[in-house]
Amino acid sequence: MSYDKVKQAKNISVGTKKATKIVEQGKAIEVFVAKDADPRLTIKLVNLCNKMDIPVTYVDSMKMLGRACGIEVGAAVAAVVNE
């Protein structure tokens, strides 16, 4: 179900750096984090989302999240952008 939200989103930002930038700008609606991603990469973004009241949804696999984003490699983080 969560992967469907990512697939249906018109604008998504893939990757920790891009997603963090979108969250800091207040443009993120929801952030998806892969459970199998390295927590050292995702913890700062998750904390930032909690601070800014942006919902964080955990998905099972980086590989599946990457596919849902339309890329060939795994994605640790994806943010749905409100634009």
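Residues are classed by relative accessible area as buried under 20%, exposed over 50% and partly exposed in between, using a 1.4 Å probe and protein chains only. The structure is a predicted model, in which local features need pLDDT of at least 70, side-chain atom pairs count only at pLDDT 80 or more, and totals for chains, interfaces and linings use all residues. Residues are numbered from 1 along each chain as its sequence is written, and side-chain values use heavy atoms, with hydrogens and water left out.

The UniProt record, an unreviewed entry, assigns the feature "domain: Ribosomal protein eL8/eL30/eS12/Gadd45" to residues 5–82. UniProt positions follow the numbering used here, feature names are shortened, and annotations may be inferred rather than shown by experiment. Helices (H or I, at least four residues) and strands (E, at least two) are DSSP runs, numbered from the N terminus.

Side chains of opposite charge can pair when their charged atoms come close. With a salt bridge defined as a side-chain nitrogen of Lys or Arg within 4 Å of a carboxyl oxygen of Asp or Glu, the structure contains three salt bridges. In one of them, E30 pairs with K5, and the closest N and O atoms are 3.5 Å apart. Because E30 belongs to strand β2 (residues 28–34) and K5 to helix α1 (residues 2–8), this pair ties together parts that are 25 residues apart in sequence. E30 is buried, at 12% relative accessible area, whereas K5 is partly exposed, at 39%.

A salt bridge also joins K35 and D60, with 3.5 Å between the closest N and O atoms. This pair links distant parts of the chain, 25 residues apart: K35 is in the loop between β2 and α3, and D60 is in the loop between β3 and α4 (62–68). K35 is exposed, with a relative accessible area of 53%, and D60 is likewise exposed, at 55%. R40 forms a salt bridge with D38, the closest N and O atoms being separated by 2.9 Å. In that pair, R40 is exposed at 70% relative accessibility, while D38 is partly exposed at 28%.

Backbone geometry was also examined. Most residues other than glycine have a negative phi. D53, a residue other than glycine, has a positive phi near 55°. D53 is located in the loop between α3 (39–51) and β3 (56–59), and its relative accessibility of 70% places D53 in the exposed class.
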